[in-house]
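Student: Hi, could you walk me through one part of this structure? I have the sequence and the model open.

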Amino acid sequence: MSVQKSRPVARARRRSAMTRECSLLLPRVCAALADPRQPGSDDTCLEKLLDWFRDLTEFDPTVKLVQDNPCLTEFITSVLALPEPSPSILSFTLRLAGILAASENRFQHLQEKLLVRLFGRDGPLNGAVWEDASVRSGWVEGVHSMMHHQPALHFLCNGGGIDVIFTLQGDPSLFVASAASQLLVHMLTLSVESETTKPLSTKDCDWPACAQMIIKRIEDSLQSSSASHIEQSLKLLTSLFGSCRATWTEVLWLGIAKQIESFLTEETVQAQHMLANLLLNMAWSPVFCDTEGNFWALVTSALEHLTPVQAGPLAVGILRLYKCPQDVRIQALTVLLQPMDCILRAASQPLEYAGLLDESVSDPITVESLLSSKSSCASLLCQTLAHLEELLSLIRLPVDLPYTSLLRSLMTILQFCNGFLSPASPLGSTISRILINSFRVQRSALDVLAALSERKGCDTLIGSLFDVLLAYLESPNTSPTVLKKTFQATSKWLVRLQELSCSNSQWQQAEKILEDVFLVLQKRLCSPCWEVRDSSLEFLTVLIKYWRDQDEFRQSLLSSEVPRLTENLLEDPESYVRASAVTAVGHLAFITYFAPESPVIGNQYNKENTVAKLQEILSTDPEGFPRRAVISIFTKWLRQGCTGQLEDTEQFVSRVIQIVEHDLDWEVRLGGLELVEVFCIHTICQLGLPKCPYAPVSSAVTSSIHQNESLQIFCRAKLFSFLFRSLCDCDKPVGQRACHILLVLRGNFYPISPLKDSQEAGDSSAGHGIAWLQRTLKQGSLAQNFPTDGGNGVDFQDPESMMLALGTIDLEELHDELNKSSDHVEKSPQSLLEDILATVGTTEENEADCY
Amino acid sequence: LSFFCLGPGAGQDVGRSCILVSIAGKNVMLDCGMHMGYNDDRRFPDFSYITQNGRLTDFLDCVIISHFHLDHCGALPYFSEMVGYDGPIYMTHPTKAICPILLEDYRKITVDKKGETNFFTSQMIKDCMKKVVAVHLHQTVQVDEELEIKAYYAGHVLGAAMFQIKVGCESVVYTGDYNMTPDRHLGAAWIDKCRPDLLISESTYATTIRDSKRCRERDFLKKVHETVERGGKVLIPVFALGRAQELCILLETFWERMNLKAPIYFSTGLTEKANHYYKLFITWTNQKIRKTFVQRNMFEFKHIKAFDRAFADNPGPMVVFATPGMLHAGQSLQIFRKWAGNEKNMVIMPGYCVQGTVGHKILSGQRKLEMEGRQILEVKMQVEYMSFSAHADAKGIMQLIRQAEPRNVLLVHGEAKKMEFLKQKIEQEFHVSCYMPANGETTTIFTNPSIPVDISLGLLKRETAIGLLPDVKKPKLMHGTLIMKDNSFRLVSPEQALKELGLAEHQLRFTCRVHIQDPRKEHETVLRVYNHLKGILKDYSVQHLPDGSITVESILIQATAHSEDQGTKVLLVSWTYQDEELGSYLTSLLKKGLPQSTS
């Protein structure tokens with residue numbers, strides 16, 4: 001397998017190589033691109049061309065490419081000579097030059113002649129074209145590509161390039177501004193890491209010249225009174241600390257720490273919102289998080305001084321850290337829990353309040369005022385809830401959350417939102433008035449609720465929690481999106497309920513809840529809104545998956561109207577709903593026909609009817625989703641051994657194959673192949689040795705008998721005709737899958753490599769047919785076309801012929817061929833160059849006529 | 001009001017639409033398109049530019065999709081299910097119905113290729129569509145208490161809409177793609193005189209005045225007819241929806257009229273469903289189709305039948321519509337391979353093709369194509385390009401501006417050079433500012449919002465009692481106290497404001513010193529001043545108080561001798577805000593000095 005794995009990489013390399021054909025085409029392409037009379041090339045072509053050069057130069061630092069292809073340098077020169085180059089070509093040229101100059105050798109090769117004219121003072125940056133954002137963007141990208149060695153660093157620093165980049169940080173184009181900031185980070189890192197001879201320390205801090213220039217600029221702008229300069233520098237520092245974890249970053253930090261601390265408290269500089277990200281990136285860096293004292297004091301101070309909305313992302317980031325002082329962690333937790341605490345307090349009478357937070361740590365005034373304002377209440381809650389969900393989704397939480405109170409608070413929020421709770425306290429009534437019908441808050445709260453179900457410890461509230469959930473499921477005011485989330489939360493909590501009921505053998509509560517759930521489901525399955533019907537069916541499927549072994553569950557479900565309504569939805573006008581109904585009906589079958597001790601009495605649930613109905617959908621439904629759902633349910637049944645004895649299964653599979661063979665949707669055909677694969681493995685396993693098709697054969701005699709039997713079954717079920725035809729399917733994944741299955745079968749029938757020559761395969765009549773089949777497949781799998789007039793003498797149902805076919809046809813070669821990406825030709829650089837050349841001279845407006 | 005376009009990198013480019021508009025504190029994303037020219041990350045917009053910190057769901061108030069073309073909606077499942085946007089999405093009913101078909105179609109084509117990862121699944125498309133709220137034309141939809149949106153008919157494709165986004169009195173209209181001339185199955189775009197602060201218009205055909213569509217249609221029919229007559233086969237690669245329907249109607253009517261017998265096939269079930277939607281949303285089509293609907297549904301085709309794979313080998317002429325539209329995989333490519341070698345046959349490409357695809361190659365004139373396994377396919381069949389796309393041309397764009405009367409215009413989705421020409425034309429003719437920012441550039445437009453204020457009845461009664469009855473045409477000055485609370489503004493009388501807010505009134509007095517040359521004693525100077533004022537201000541109550549000061553209404557005047565110069569007296573004048581006019585008048589009067597002869 002390892003050989004096969006490395007193949008695609010090698011192939012990709014080969015694909016991007018400079019072949020003879022490409023080097024012949026390249027001069028013409030360059031000439032065409034530099035010709036101002038030609039209409040501009042498609043942007044994507046230029047991008048792909050640059051991708052190719054990036055691939056070519058990545059592992060080759062030599063000057064071979066530029067020496068062998070002088071047209072590249074000529075191209076750059078001729079673009080520079082143009083009086084008015086088009087912005088897109090100039091931008092391309094800048095980026096190309098940057099890519100070529102990425103290695104020191106090629107940089108030296110190009111330097112004298114070109115790089116100064118491209119990136120220096122006299123280049124485009126002082127011309128009228130600089131007005132065009134694409135030229136500025138090309139300049140920054142070009143410099144960034146080139147910036148991999150000291151000569152490039154000096155070239156730029158000595159030429160005043162640093163000033164240009166600092167200016168570009170404030171560019172009107174966000175793309176350029178952001179790229180400039182990234183470039184500065186890259187240059188600073190490169191300078192320090194390539195130019196310092198001894199490690200930097202706080203005492204002896206001898207920055208290399210280029211780094212010094214950048215740091216000086218950062219310090220200056222932090223001290224300036226310009227908010228935008230401060231913001232740019234903070235952004236730069238944020239990405240620097242985020243990407244570079246070297247010790248010298250601490251030296252840098254010590255120089256600016258005071259200034260940055262002052263931003264926290266100085267109201268005149270509006271930089272607070274930038275600080276959370278900066279501190280967070282620092283907290284993740286071992287350079288800072290290991291330090292005693294200072295840094296963490298700053299974080300604590302930030303958690304106190306920033307507004308709850310600004311501090312939220314910092315708090316959640318801190319809580320994800322494993323290495324962090326306990327008091328900082330508590331402070332962070334306080335930030336997140338305060339709004340939830342406030343909600344609890346607002347909803348309860350003063351005496352019964354059992355809040356989330358110790359009063360000594362909470363300072364509720366700010367949060368209270370934010371929650372009682374219409375403009376900030378929902379956004380603060382949504383943000384807090386999203387952070388909590390993020391925390392709860394971590395497998396290992398470094399802190400303990402007060403789950404019960406959190407759950408209570410969530411339930412309160414949900415009750416505020418649907419108007420089921422309107423407390424007397426002034427704060428409570430204000431918040432409940434603001435929150436009523438807020439879908440945003442409902443959705444966020446339900447997400448957290450679902451995440452909370454995985455945490456143990458809040459089981460005492462489970463009864464009242466289901467009251468809240470059922471109220472949402474029942475209410476006609478619940479929007480479809482909220483309803484979907486309610487279903488998700490309910491199914492998660494039902495799983496929890498099941499665990500609980502199992503452990504204490506108390507089924508009454510669960511039974512009551514399930515009954516209520518099915519009542520609601522009955523109503524929702526008849527909703528006029530397809531989204532609701534679909535979510536209901538998805539919910540039902542999930543329920544069956546988790547509960548299908550519980551008698552209590554089966555009883556409640558089967559005594560409700562839900563199964564009947566679900567079957568009705570097989571004829572829904574909406575295809576998504578039909579598909580979900582198919583899946584649900586398929587799962588229902590597990591508790592009706594396929595259950596070991598099925599509680600079904602009478603013939604209300606008729607297996608044959610259901611199978612017939614699903615087969616009808618498979619053969620007649622005009623849309624792919626339901627057909628795909630049917631085939632995947634059939635496969636699921638087969639996998640779980642539910643389709644009865646082998647003869648039944650054989651007929652069943654055979655019938656299904658004949659239906660899907662002609663399906664227009666290749667994913668249905670692919671699903672058919674999956675079914676075939678499962679069937680083959682089952683048959684082989686069921687008939688005895690070897691248990692697994694990959695296992696070695698133990699006894700040649702017994703196995704040959706079984707092989708014979710399984711081969712006959714496969715032939716009778718018409719598998720081979722389906723498999724061989726699929727090899728030539730016009731959609732590649734189908735061919736690949738078929739080939740894989742055939743290889744598995746061959747591995748089973750020929751434990752030792754067989755490959756016979758078809759000429760030698762005997763003079764039997766079968767031999768000719770197989771030779772024909774082999775030829776056809778060779779051409780056909782490429783042309784994706786199997787002759788429609790049939791097998792030309794190949795009897796796909798004859799075991800002997802099929803055995804011969806398996807032994808003769810070079811399936812490995814086919815497999816390799818099919819495994820090539822179907823667009824490997826269109827992706828090749830040669831194709832790209834040809835396409836660019838072909839469009840030269842055609843000035844039609846094809847490209848404007850978009851989709 | 002600010003605008004930001006997340007296109008495919010810097011510089012204008014036809015590719016994908018994704019625009020961010022901030023209006024009065026609300027952030028709305030307009031369209032969420034993909035670029036079909038790439039098959040890596042570059043095909044989707046880089047959403048990290050929208051907000052560096054904070055979740056998109058919290059930042060965006062809603063997403064609006066103008067129509068079902070992939071360059072406008074193709075990144076939506078990626079955005080909502082993979083990036084994680086969980087907020088509301090709006091589109092029209094037909095768009096909501098058809099969008100998933102195209103997304104599914106494209107997903108299938110994409111995953112058909114090997115090694116495609118990071119692409120959305122069928123389930124994701126469905127989950128995304130479940131988040132969509134469908135809207136009707138001209139229905140005002142309240143996204144939240146402040147933000148409302150409204151859809152207008154845009155022509156272009158079935159269900160395409162222009163959207164008006166309104167917060168308070170500020171508004172933006174986004175056109176999406178639109179068409180100002182009716183075509184065979186759709187009507188022309190229309191909008192009322194809504195005078196938005198900003199009109200964001202596409203400008204794909206900014207400088208073209210397109211030749212009549214009739215000519216192109218005649219040309220198309222002629223070519224198909226000729227090929228069929230000489231016994232050739234015609235292949236028309238299409239995407240499942242949109243142009244395919246228009247071509248179907250065209251061929252169907254032509255076949256009927258000319259009584260042609262050659263079969264027309266549709267290669268995929270997808271388009272059957274598409275036709276189903278055209279029937280369902282008949283109200284969105286043009287008048288002619290709606291009128292004839294009763295006699296005969298235009299979308300129930302008599303001559304167009306479902307295709308079976310075996311038909312491609314049948315002898316004799318036929319016309320086949322097959323997907324995908326760029327000839328890069330699947331059915332259409334398979335048929336193309338079979339038919340390419342015969343010069344009697346013809347392939348008609350009705351749409352855009354991405355570089356690298358067979359469609360792109362044959363359109364650019366390549367006739368020897370390298371296929372899989374180093375096979376060379378020689379293309380002898382005729383290759384035709386037929387553009388039927390329905391965008392507004394320069395004339396149409398001007399017409400729409402005339403209809404909507406915006407205060408500012410912003411052009412997107414076009415080439416820079418062409419847009420520059422149109423920009424000048426718009427600025428000249430309508431005297432409004434026209435912007436054409438590069439992708440990634442933020443444009444900020446300042447508006448002068450008029451803010452509605454409630455006036456208390458008491459204040460209104462009092463003011464009308466003093467003055468004339470209110471008149472719409474004559475603005476009237478009113479005095480009162482403005483209370484801003486919970487995003488609402490109220491004008492009430494000062495007394496009521498004090499009462500409501502529980503505040504005590506502060507008295508504000510202005511004081512002024514006036515120097516007078518008068519060697520007499522202070523009380524004599526006061527008396528002179530008193531007499532002087534009494535003589536001039538006959539209608540006012542002027543009093544000389546026992547403590548030696550003078551009052552005129554609320555104005556108080558006291559006199560003291562100058563500390564250094566006894567011959568100069570300093571008059572201290574003080575008055576309240578209410579008597580500002582009289583106070584100023586008095587001061588100016590005193591500054592002139594006292595008359596000589598009053599003694």
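Student: How do S10(B) and S11(B) run, and how many bridges join them?
Tutor: S10(B) and S11(B) run parallel and are joined by three bridges, where strands are DSSP runs of E with at least two residues, helices are runs of H or I with at least four, and both are numbered from the N terminus. Two strands pair if DSSP finds at least two bridges between them. This is a predicted model, in which local features need pLDDT of at least 70, side-chain atom pairs count only at pLDDT 80 or more, and totals for chains, interfaces and linings use all residues. Residues are numbered from 1 along each chain as its sequence is written, chains are lettered from A and ligands numbered from 1 in the order in which they are written, and side-chain values use heavy atoms, without hydrogens and water.

Student: Which residue is the bridge partner of Val172(B) in S11(B)?
Tutor: The partner of Val172(B) there is Leu198(B).

Student: Is S10(B) covered on one face or both?
Tutor: Both faces are covered, with Glu170(B), Val172(B) and Tyr174(B) buried on one side and Ser171(B) and Val173(B) buried on the other; buried means under 20% relative accessible area, exposed over 50%, and partly exposed in between, using a 1.4 Å probe and protein chains only.

Student: What about S9(B) and S10(B), how do they run?
Tutor: S9(B) and S10(B) run antiparallel, joined by five bridges, and Lys166(B) stands opposite Ser171(B). In their hairpin, which has two residues between the strands, Gly168(B) takes a positive phi near 60°.
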